[in-house]
Amino acid sequence: LMHPLDGRPVFAYPWEGATLVGTTDVDHGADLMQEAAITGAEVAYLMTALDAQFPDLQLCVDDILATYAGVRPVIDTGAVDPSKEGRDHVVWQEDGLLTVTGGKLTTFRPIAEDALKHAARYLPDLPQAVAAAPIFAAATADLQKSGGQAGWQIIARRLPSDTLLRLQGRYGLALPDLLLCAQAGELATIPGTLTQWAELRWAARSEACCHLEDLLLRRTRLGLLLREGGRAHLPRIRAICQPELGWDDEKWAQEQQQYLVLWQKNYGLPARDTIPLPEAA
């Protein structure tokens with residue numbers, strides 16, 4: 001949809017059982033070592049667009065589950081308005097360190113291919129990129145050929161077809177291990193999401209979670225899909241993940257406190273008095 005105030009395109013689309021709304025594009029003047037957060041003005045901007053497009057929904061800020069923001073890397077060409085900068089990318093090497101910057105999400109494949117070409121001098125056995133290959137190849141044939149560990153296919157057949165398809169697309173050849181690590185009740189869907197409890201166990205066990213924020217904001221997206229970052233579910237999350245992570249009670253309490261503070265600061269709503277919008281749209 002086009003924003004009623006300035007004509008910029010704004011998107012509202014289904015994502016992981018919620019609706020993702022964006023984007024904004026403003027200059028970032030804060031310390032780059034600090035995580036970015038949405039501003040009250042950006043919240044109002046996006047809510048104004050939604051109200052214009054979906055007036056019958058009577059949306060208000062209380063309908064927002066979470067927010068997130070990031071700093072987009074651009075190649076500085078001297079444009080006065082950063083939004084006018086190109087989306088080109090640059091790859092360079094320094095003493096064996098390969099660095100990529102710039103680009104955009106929709107050019108991820110050319111960026112990856114460019115990076116592989118530059119890395120080839122260090123990795124002589126690296127396969128050549130095949131431009132015509134599908135970006136996401138179905139894992140079904142490979143899973144069946146590999147056989148996996150006995151019993152995972154029985155578990156898979158008990159799952160709804162859409163759930164199995166989602167897990168297969170996300171975990172590929174790791175799917176058998178994920179299904180077999182699930183304990184009683186952990187292949188149920190977490191209310192309000194499309195995520196299974198077993199995904200938390202798998203992430204804690206296999207995906208290098210150094211902090212609770214890694215688990216809830218990056219390995220899974222529960223911190224963006226559940227109110228207050230999933231605070232109400234933290235007891236069960238703890239029961240599943242604390243043994244896998246090997247954290248004692250003191251470590252878990254510290255991580256939980258740090259996560260909730262971070263979520264409120266960077267993923268929740270900014271202070272209401274900074275949002276120039278009535279509570280009811």
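Modeller: Gladly! At 9% relative accessibility, Asp-214 counts as buried (under 20% relative accessible area, with exposed over 50% and partly exposed in between, using a 1.4 Å probe and protein chains only). Before going on, please keep in mind that this is a predicted model, where local features need pLDDT of at least 70 and side-chain atom pairs pLDDT 80 or more, while totals for chains, interfaces and linings use all residues. Numbering starts from 1 along each chain as its sequence is written, and side-chain values use heavy atoms, without hydrogens or water.

Asp-214 has a salt-bridge partner, Arg-218, with 2.9 Å between the closest N and O atoms (a Lys or Arg side-chain nitrogen within 4 Å of an Asp or Glu carboxyl oxygen). Both Asp-214 and Arg-218 belong to helix H8, where they sit four residues apart, about one turn of the helix (helices are DSSP runs of H or I with at least four residues, strands are E runs of at least two, and numbering is from the N terminus). An α-helix has 3.6 residues a turn, so residues three or four places apart point the same way. Arg-218 has a relative accessibility of 34% and therefore counts as partly exposed, whereas Asp-214 is buried.

Now for the neighbours of H8, starting with H10. The axes of H8 (residues 212-219) and H10 (residues 234-245) come within 12 Å and cross at roughly 105° (axes are lines fitted to C-alpha atoms over the stretch in contact, with angles from 0 to 180 degrees between N-to-C directions). H8 and H10 are therefore roughly perpendicular to each other (65 to 115 degrees; under 35 is roughly parallel, over 145 roughly antiparallel and the rest oblique). On the H8 side the contact is made by Leu-212, Leu-215 and Leu-216, and on the H10 side by Leu-234, Ile-237 and Cys-241 (contact means heavy atoms within 4.5 Å). Sorted by class, the H8 contact with H10 has six nonpolar residues, no polar ones and no charged ones (Ala, Val, Leu, Ile, Met, Phe, Trp, Tyr, Cys and Pro are nonpolar, Asp, Glu, Lys and Arg charged, the others, including Gly, polar).

H7 is the next neighbour. The axes of H7 (residues 197-206) and H8 come within 10 Å, crossing at roughly 125°, which makes H7 oblique to H8. Leu-200, Ala-203 and Ala-204 of H7 make this contact with Leu-215, Leu-216 and Arg-219 of H8. By class, the H7 contact with H8 has five nonpolar, no polar and one charged residues.

H7 itself is mostly covered, with eight of its 10 residues buried. Among them are Trp-197, Glu-199, Leu-200, Arg-201 and Trp-202. The buried residues of H7 pack against H5, H6 (175-181), H8, H9 (222-225) and H10. Just after H7, Ala-208 takes a positive phi of about 55°.

That leaves H11. H8 and H11 pack with their axes 8 Å apart, at an angle of about 45°, which makes H8 oblique to H11. Leu-212, Glu-213, Leu-216 and Leu-217 in H8 meet Trp-252, Glu-255, Gln-256, Tyr-259, Leu-262 and Trp-263 in H11. This contact of H8 with H11 has seven nonpolar, one polar and two charged residues by class.

Lys-251 and Glu-255 both lie in H11 (residues 249-266), four residues apart, about one turn of the helix. Glu-255 counts as buried at 3% relative accessibility, while Lys-251 counts as partly exposed at 25%.

To place all this in the whole: the protein has 11 helices and four strands. Buried residues make up 32% of its 281 residues, and a search of the whole structure finds 14 salt bridges.
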